[in-house]
Amino acid sequence: MRAVKPTLQYDYTIIGGGIFGCYAALHLAARGARVALIEKEAELFQKASIVNQARLHSGYHYPRSLATAAMSDEHKARFTEEHRDFVNFSFEKYYAIERYTSFTDAQQFERFCAYLGIRCERLDDHPLFNYDRLEALYLTEEYSFDPLLLGKYYKERVFSNAQIRVNAGCRVEKATAQGAQWQMLLSNGTCIESPVVINATYAASSAVNRLFGVPELALTHEISEIAFLASPRFAGKGLTVMDGPFGSIMPYGLTGWLSLSSVAYTHHKISYENLPHFDCMTPEDLACRPEAPGICSSCPRRPASNAGKMLAQMQQYFAPSVQFEYLHSFFTIKSKLKASYIDDGRPTEISLLHTTPRFYCLFAGKINSIYEVEKII
Ligand SMILES: Cc1cc2nc3c(=O)[nH]c(=O)nc-3n(C[C@H](O)[C@H](O)[C@H](O)COP(=O)(O)OP(=O)(O)OC[C@H]3O[C@@H](n4cnc5c(N)ncnc54)[C@H](O)[C@@H]3O)c2cc1C
């Protein structure tokens with residue numbers, strides 16, 4: 001007969017070991033709380049927190065929404081200051097307006113940057129770019145954080161904090177509200193109890209909400225690819241072409257790689273349901289299901305790379321002397337609030353979905369909004 005394990009008590013249970021779950025755990029632990037951090041995968045930081053474009057947004061990216069652009073600046077100064085060892089400050093960042101198919105134009109973009117007070121220096125001649133395809137080119141100021149170094153930093157801090165108990169390779173299988181406590185049975189057989197649960201699982205947000213019997217978020221999900229390149233002529237530089245056929249090549253933090261993405265080809269498959277449903281999920285693969293999506297980068301059924309198509313699209317904005325070498329790609333699920341469809345915004349939303357015991361769902365829009373958790377807890 002199996003011995004019954006005692007129920008472990010924590011002040012907070014955080015589900016999801018990406019940057020948002022790790023930051024929330026550290027923030028609470030620093031205030032004396034005992035925290036259980038539960039991560040489905042064997043390691044922390046395997047999904048959106050390392051598979052992203054690493055752009056520390058300054059607002060340029062949202063020429064059609066002043067509100068979104070202004071919001072993207074919130075927390076940027078603090079994030080940059082507190083993570084300065086993991087930020088690439090020293091690259092030349094160009095934004096350009098596509099000549100034929102853009103939803104924005106040079107005049108509108110200049111007005112928009114002036115309103116936000118962000119650098120936008122028009123360059124009417126530059127040897128690296130092809131002006132036949134660009135209406136206007138601007139030297140701007142935007143930084144790139146290093147997701148791999150950030151991951152290492154947060155993992156070390158979380159694992160060395162005596163207040164935080166990490167349960168990796170583990171999920172909540174059953175959750176019930178008992179008075180002021182959530183009682184949870186984990187997949188490793190452990191029973192835990194705490195008065196507050198924070199769901200920081202991003203693509204799995206609605207699945208975890210469903211497990212706890214609280215309202216789901218209205219989400220869409222896309223299997224997304226970030227490709228990585230090398231280029232002797234374009235090393236240490238970045239170009240984002242707008243707007244509509246968005247495309248970017250820019251440093252991926254301090255790795256020395258250039259990340260490549262394009263609106264047309266980065267997103268391979270889309271799911272309009274609150275839980276991510278994709279045809280590459282099979283009933284036999286229990287590690288990746290709509291209720292618990294897996295790690296796309298290491299999945300043998302991940303989509304074939306679109307790096308060639310993305311590069312062909314972007315190459316036309318460069319002079320022939322600028323060439324790129326494809327290195328490899330990362331894949332992950334990108335999730336968005338359905339409400340963001342209108343202005344393409346990426347808010348970080350924290351909703352209190354159950355009061356006694358408390359249940360928060362923390363849905364992350366951008367990396368530098370990790371501090372949002374401090375507003376509510
Ligand atoms: C393609 C792409 C490009 C992006 N570009 C940028 C950018 O340039 N700049 C920017 O600021 N932001 C960008 N973002 C957004 C940013 O990456 C995310 O907002 C952020 O990483 C989300 O962090 P997270 O910790 O919430 O999610 P994640 O890092 O995905 O972490 C969630 C964790 O929860 C775990 N989990 C899931 N289900 C369970 C479960 N049932 N039990 C336990 N654990 C579970 C997962 O395994 C995962 O480790 C981009 C995102 C993508 C996908």
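Predicted model: local features only at pLDDT ≥ 70, side-chain atom pairs only at ≥ 80, totals over all residues.

Me: What makes the peptide bond from Thr 356 to Pro 357 cis?

Reply: Its omega is near -5°. There's another cis peptide bond, joining Met 242 and Asp 243, with omega about 0°. Asp 243 lies in the loop between β16 and β17 (247-251).

Me: Why is β21 called an edge strand?

Reply: The open sheet has 6 strands, ordered β10-β3-β2-β14-β22-β21, with mixed pairing. β21 (349-354) pairs on one side only, and so does β10 (164-168), which is the other edge strand. From one strand to the next, the twist averages 20°.

Me: What makes strand β6 largely enclosed by the rest of the structure?

Reply: Buried means under 20% relative accessible area. In β6 (residues 92-98), 6 of the 7 residues are buried, so the strand is largely enclosed by the rest of the structure.

Me: How do you know which strands β6 pairs with, and in which sense?

Reply: β6 has 6 bridges to β16 (residues 237-242), in the parallel sense, and 6 bridges to β8 (residues 134-140), running antiparallel. Both counts meet the cut-off, so both are pairings. As for individual residues, Ile 97 stands opposite Met 242 in β16, while Lys 93 has Thr 140 in β8 as its bridge partner. Met 242 is also one of the two residues in the cis bond with Asp 243.

Me: Now the loop between β3 and β4. Why does Phe 45 count as buried?

Reply: Its relative accessibility is 3%, and the cut-off is under 20%, so Phe 45 counts as buried. Phe 45 is in the loop between β3 (35-39) and β4 (55-56).

Me: And what is there to say about phi of Phe 45?

Reply: Phi is near 55°, a positive value in a residue other than glycine. Ala 54, also in the loop between β3 and β4, has a positive phi near 65° and isn't glycine either.

Me: Is Ala 54 buried or exposed?

Reply: Buried: at 2% relative accessibility, Ala 54 falls under the 20% limit.

Technical notes:
Residues numbered from 1 in each chain as written. Heavy atoms only, no water. Pairing = 2+ DSSP bridges. Helix = DSSP H or I, 4+ residues; strand = E, 2+ residues; numbered from the N terminus. Axes fitted to C-alpha atoms, helices over the stretch in contact; angles between N-to-C directions. Buried < 20%, exposed > 50% of the residue type's maximum accessible area, 1.4 Å probe, protein only.
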